[in-house]
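Thanks for making time this morning. I would like to walk you through one model, starting with a ligand and its surroundings and then moving on to the chains.

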Amino acid sequence: MSETLFKIFRGERAKGELCGYSVEVTEGMVVLDAINQIQARHANDLAVRWNCKAGKCGSCSAEVNGKPRLMCMTRMDELPLDKPVIIEPMRRFPHIKDLVTDVSLNYEINQQIRPLKPKPREADGTYRMQQKDIERIQEFHKCIECFLCQNVCHVTRDQQVQEFAGPRFFIRIASLAMHPLDTLNRLKELKDVFGIGYCNITKCCTEVCPEDIAITDNAIIPLKERVAGAFYDPLALLWRSLTSVSK
Amino acid sequence: MQNSFQIENPNPSFLETSRRDFWWIEPFFTAIGLLAFVIYSTWAAFQNEHYQWESYLSPFYAPLLEYDWWPFSPAFLILWAPAGFRLTCYYYRKAYYRSLFLTPSACAVGGRPQNYRGERFLLLFQNLHRYFLYIALVFCVILSYDAYISFTFKDGLGIGVGTVIMTLNAVFLTAFTFGCNSLRHLVGGNVDCYSCVNFGHQRYQAWKFVNIFNMNHMMWAWISLFWVGFTDLYIRLVSMGIITDYRIL
Amino acid sequence: MESYEIKEHDVLVIGAGGAGLRAAIEASAQGVSVGLVCKSLLGKAHTVMAEGGMAASLGNTDPRDNWEVHFRDTIRGGKNLNNWRMVEIFCREAAERVAELEEWGALFDRTKEGLIAQRNFGGHRYPRLAHVGDRTGLELIRTLQNHGIHQGIDIYMECCIVELLKEEGRVCGAFGFWRESGQFVVFRAKSVVLATGGLGKIFRVTSNSWEGTGDGHALAYRAGAELTDMEFVQFHPTGMVWPPSVQGILVTEGVRGEGGVLKNSEGRRFMFDYIPDTFAAETSDTEEEASRWLSGDPEARRPPELLTRDVVARAIRSERLAGRGSPHGGAFLDIAGQRNAELIKRKLPSMYHQFKKLGNLDITTTPMEVGPTCHYMMGGVRVEPETTMSTVEGLFAAGEVAGGLHGANRLGGNSLTDLLVFGTRAGFHAAKYSREQSDTIEPSKQLLKKLEKLALEPFDPERTENPYGLMADLQETMELHTGIIRESDEMEKGIELLQALKIRGERLHVEGNRQYNPAWHYALDLRNMLCVAETITLAALKREESRGGHTREDFPESSDSLQKVNTFIREVNGRMIHEHREREPMPEYLKKLMNLPLKEG
Ligand SMILES: Cc1cc2nc3c(=O)[nH]c(=O)nc-3n(C[C@H](O)[C@H](O)[C@H](O)COP(=O)(O)OP(=O)(O)OC[C@H]3O[C@@H](n4cnc5c(N)ncnc54)[C@H](O)[C@@H]3O)c2cc1C
Ligand code: SF4
Ligand code: SF4
Ligand code: FES
Ligand code: FES
């Protein structure tokens with residue numbers, strides 16, 4: 001058993017400072033345990049979100065030593081404990097208190113995405129889908145909405161672009177666009193409303209995703225290719241206009 | 001539809017971060033690697049000599065297009081194609097946006113403040129990557145043919161160290177090209193329901209096949225980049241007489 | 001008195017887990033105005049953690065399955081204590097509710113024919129659980145969430161309900177506060193649906209999330225509704241036991257469904273020694289038969305690892321007491337010896353991830369150490385099976401907070417389907433009820449004032465009690481005195497201790513202000529936790545037999561006379577009244593199902 005110093009951002013509405021707390025480290029402990037220990041022993045009102053403590057709900061997102069992570073899935077023995085452990089809230093979102101930020105923006109973006117519009121059922125009342133048709137999107141459905149990718153993406157974090165949905169919602173749109181039952185074409189809004197062109201595929205979203213979803217490679221790049229095919233491929237455009245004239 | 005999403009926090013300033021690991025190592029070495037290649041290849045293309053030895057031909061000059069009306073190095077007649085292919089490759093884009101443009105240089109490190117427009121406006125040409133892919137596929141054939149030719153020597157069939165190097169060059173370039181994201185899209189990625197379309201199963205298999213290379217696209221990008229430069233260097237040194245090609249068979 | 005924000009709806013749904021979301025969607029489809037409140041962010045409710053799957057007799061994987069066998073299995077698993085009418089409705093409607101999710105975007109794993117694949121689970125005769133790897137709950141909640149946000153429902157996130165409002169014998173809304181600002185809010189509604197989930201957090205070792213504090217049970221109880229079967233808490237046999245900080249985190253039953261076996265420190269598959277008579281006919285008695293079953297032989301009987309949860313949990317405990325436990329006091333669960341690494345990673349990805357990350361262990365090569373963990377509350381608000389209305393006018397309940405469906409023991413996978421079937425019914429009937437009411441009743445000023453005072457008491461600087469300390473003591477008390485194995489003296493002591501804790505609960509003190517103050521949230525949760533802890537202990541003390549999730553050291557056998565009765569608890573003039581009442585006998589056509597000859601081949 002040993003003691004380690006934690007420095008936690010405390011304050012309200014982005015005004016605050018790093019406060020030091022000493023934590024007793026035990027075997028197998030994760031960062032969230034340390035936070036809970038600090039709450040119980042030193043700072044009753046330290047604000048933090050968490051639910052499951054098993055990496056399933058995506059509530060406990062924060063920046064640990066500057067890296068966006070889930071606190072409940074960050075083991076203390078991964079961190080250098082000779083230096084203080086720095087815990088800050090996600091920087092991208094409006095700050096509320098201590099480690100809690102206002103993530104409601106993400107819910108608003110999600111609201112803009114048109115829901116699945118499925119084709120009709122088969123005659124026997126079922127839907128037939130083969131495993132190979134859905135395995136690609138099943139990966140996207142693993143998302144636990146921790147919003148770490150939304151937080152780290154430089155397009156909004158640094159560059160403050162407003163017309164940009166962000167990686168979490170690109171995988172959601174990908175999961176609809178590649179859905180074997182979906183009947184909508186989502187490429188125009190992807191380009192114009194959700195701003196996929198702002199993504200410069202630098203893959204920070206993929207780097208931080210706790211569910212190991214290959215966000216950039218499996219969702220964003222394929223979507224970019226689809227958008228390219230629909231809007232930026234001169235020969236394809238020519239071909240389409242020729243065939244539509246001849247019809 | 002509403003199309004702007006409000007942001008309130010001040011943005012992190014340039015290079016600001018709480019990260020305490022050596023996050024700058026990767027962009028640093030990436031930048032060095034990319035710049036070194038650009039400098040060497042430009043220099044080699046300008047040389048306009050020592051690109052051939054016996055049946056060996058430097059990939060910077062393949063296919064060899066020598067015309068009277070062209071006053072410069074023949075390399076420039078072809079180099080735009082592989083250069084454009086790599087320049088618009090999704091992996092290289094990531095690499096230079098990070099290490100050269102610094103948008104951002106590493107994750108959760110403040111990006112370069114600029115009038116950021118992503119891959120829109122000027123950078124829309126990145127969407128032409130698929131055309132460079134078509135050409136690159138032709139180059140894979142050409143370089144394979146050159147590799148095949150490199151088995152022929154004045155005294156008949158044989159294998160020299162240069163043969164091996166050129167063959168590997170063709171292999172690495174093909175592995176890199178087969179992992180291309182545009183290829184992945186074309187062969188099957190654009191299909192939503194494999195069991196609903198014609199040749200769905202074949203397209204699924206083809207997509208799976210491309211995925212294998214795509215997963216290590218970054219690795220193939222670097223291996224093939226290094227090797228193409230190395231191939232040129234080897235042939236150059238041999239033709240300059242600085243080293244002699246060793247005949248294995 | 002502060003001025004409150006006031007929100008008005010026809011139907012107010014409290015809880016946005018599977019049950020709450022489904023209820024809100026249904027109510028909204030009936031054309032009434034719906035408000036949906038949840039304590040945490042949308043999509044983070046407990047349902048997101050469910051792993052294994054949801055049971056519905058689709059008959060895709062094994063065509064011999066139908067609602068009748070599902071009925072039989074559920075009642076058997078519930079040790080005959082279930083409300084049979086609820087079970088009947090449940091089994092008949094399950095398949096339709098699951099199929100409907102596909103239309104909203106859910107992607108279950110598929111069979112070769114392209115239909116929803118089903119997996120084996122404890123107590124289910126046939127493979128019956130529609131699943132998505134081991135993250136079925138996530139798929140369920142995300143599907144409902146993404147469908148629900150387009151149905152015109154008003155969603156109030158991070159809003160905690162402190163008390164139900166009741167006037168003239170009818171529920172007329174709820175009183176709560178925004179966690180972010182600490183400001184109060186009054187919801188006025190013609191009917192209220194409780195879908196607040198479970199109460200596992202009153203135990204120390206639990207698979208439940210922070211939210212499982214039994215709020216709904218306590219809200220209903222204080223509103224005068226009757227609770228039923230409160231003694232029946234399910235302890236899941238396989239929770240993680242090591243390292244200490246992850247103790248209790250669930251290891252899905254899917255591991256055993258996919259072939260995982262339990263072994264003791266001597267390497268013996270001990271479950272063969274614990275097969276109860278009722279299940280002997282359909283459980284394999286040799287390892288050879290069990291492995292034939294795993295390779296898909298329809299003639300072979302199920303391995304004993306897939307016996308119901310109560311049986312397995314007790315077996316693990318007995319092995320440990322006999323000195324054959326694993327190094328950290330559990331048993332070994334081995335899937336590595338049964339399946340290849342590729343299949344394990346595909347079928348159980350989050351288990352692989354969870355152990356790798358938290359336990360430093362690769363489950364494709366090494367056995368896991370597991371032990372019992374508090375998991376699910378069978379008991380809850382007593383509801384009318386058809387309408388899900390409680391004994392209080394206008395108050396409905398669905399999901400884990402409602403009681404009756406699962407009897408003495410819930411079968412794995414029956415909960416997620418429960419959320420859908422009774423969530424739908426609750427939403428439908430609450431909307432219907434609301435339409436029949438001419439007007440919303442206004443809550444009185446005194447009532448609101450009283451609630452405001454009560455909620456703010458913990459800020460009183462005279463007080464001293466630390467909510468975190470009290471929480472830990474409550475969990476320890478329940479673990480020791482009303483845990484897996486119960487005994488009358490222990491429980492009587494437990495009741496005494498709970499009284500002492502309640503007195504401490506009246507002295508709770510929190511520091512800081514009202515903005516996002518977790519200590520304050522805990523202080524208010526504790527009021528509910530102490531209340532439900534008492535009902536559980538009382539109900540457990542009074543049931544002098546062992547049955548399902550309730551095991552008495554001093555009464556190890558099941559009693560025939562107690563089989564006929566269910567427990568009911570309600571508040572009368574501030575006192576907790578306990579009662580055993582007989583169930584209506586099962587009608588003939590259902591009784592026949594209990595002895596259904598199983599079609600083989
Ligand atoms: C680890 C784990 C695995 C499981 N696996 C399975 C499985 O494989 N199959 C299966 O069938 N079942 C499984 N279960 C059980 C099942 O997940 C739960 O029983 C079910 O999800 C409960 O759903 P619910 O809708 O009733 O409530 P919950 O999902 O618990 O939701 C409760 C909601 O109520 C809200 N709430 C609570 N109190 C208040 C308050 N005071 N004010 C406002 N809002 C409040 C919460 O914010 C939340 O939104 C599992 C459970 C666990 C813990
Ligand atoms: S890859 Fe695109 S979406 Fe992902 S972090 Fe980078 S810029 Fe943002
Ligand atoms: S994609 Fe990954 S990082 Fe982004 S919200 Fe989902 S789980 Fe989190
Ligand atoms: S608490 Fe649920 S992911 Fe960390
Ligand atoms: S994406 Fe790299 S070559 Fe096409």
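The shell around ligand 1 divides into 16 nonpolar, 17 polar and six charged residues, where Ala, Val, Leu, Ile, Met, Phe, Trp, Tyr, Cys and Pro count as nonpolar, Asp, Glu, Lys and Arg as charged, and the others, Gly among them, as polar. Before I go further, please keep in mind that this is a predicted model, in which local features need pLDDT of at least 70 and side-chain atom pairs count only at pLDDT 80 or more, while totals for chains, interfaces and linings use all residues. Residues are numbered from 1 along each chain as its sequence is written, chains are lettered from A and ligands numbered from 1 in the order in which they are written, and side-chain values use heavy atoms, with hydrogens and water left out.

Which residues come nearest to ligand 1? Of the 39 residues around this ligand, they are Thr47(C), Glu211(C), Asp215(C), Glu400(C) and Leu416(C), and a residue counts as near if one of its heavy atoms lies within 4 Å. As for polar contacts, meaning pairs of N or O atoms within 3.5 Å (within protein, one must be able to donate a hydrogen and the other to accept it, and residues adjacent in sequence count only if both atoms are side-chain atoms), a side-chain N or O atom of Asp215(C) is 2.7 Å from a nitrogen atom of ligand 1. A backbone N or O atom of Ala19(C) lies 3.0 Å from an oxygen atom of the ligand, and a polar backbone atom of Leu416(C) is 2.7 Å from an oxygen atom of the ligand. On its own, ligand 1 has 1,000 Å² of accessible area, of which the protein covers 99%; these areas come from the Shrake-Rupley method with a 1.4 Å probe, and for residues only the protein chains shown count as cover. The elements of chain C that give two or more residues to this shell are helix H1 (18-29), strand S7 (159-167), strand S14 (368-377) and helix H12 (414-436), and H12(C) gives the most, with four residues. Helices (H or I, at least four residues) and strands (E, at least two) are DSSP runs, numbered from the N terminus.

Turning to ligand 2, there are 13 residues around it, and Cys153(A), Cys199(A), Thr202(A), Lys203(A) and Cys205(A) come nearest. That shell divides into eight nonpolar, four polar and one charged, and helix H5 (154-157), helix H8 (204-208) and helix H9 (215-232) of chain A each supply at least two of its residues. Chain A itself has ten helices and seven strands, and 68% of its 247 residues count as buried, where buried means under 20% relative accessible area, exposed over 50%, and partly exposed in between (1.4 Å probe, protein chains only).

Next, the charged pairs. Side chains of opposite charge can pair when their charged atoms come close. A salt bridge here is a side-chain nitrogen of Lys or Arg within 4 Å of a carboxyl oxygen of Asp or Glu, and the whole structure has 89 of them over all chains. In one, Lys56(A) pairs with Glu51(C), the closest N and O atoms being 2.9 Å apart. This pair crosses between chains, from the loop between helix H1 (31-41) and strand S3 (61-64) of chain A to the loop between strand S2 (34-37) and strand S3 (54-55) of chain C, and both Lys56(A) and Glu51(C) are buried.

Within chain B, Asp232(B) forms a salt bridge with Arg236(B), at 3.2 Å between the closest N and O atoms. Both lie in helix H8 (residues 217-239), four residues apart, about one turn of the helix.

In chain C, the side chains of Arg504(C) and Asp473(C) meet in a salt bridge of 2.9 Å, N to O. Arg504(C) lies in helix H15 (residues 488-505) and Asp473(C) in helix H14 (residues 467-481), so the pair ties together parts that are 31 residues apart in sequence. Asp473(C) is partly exposed, with a relative accessible area of 33%.
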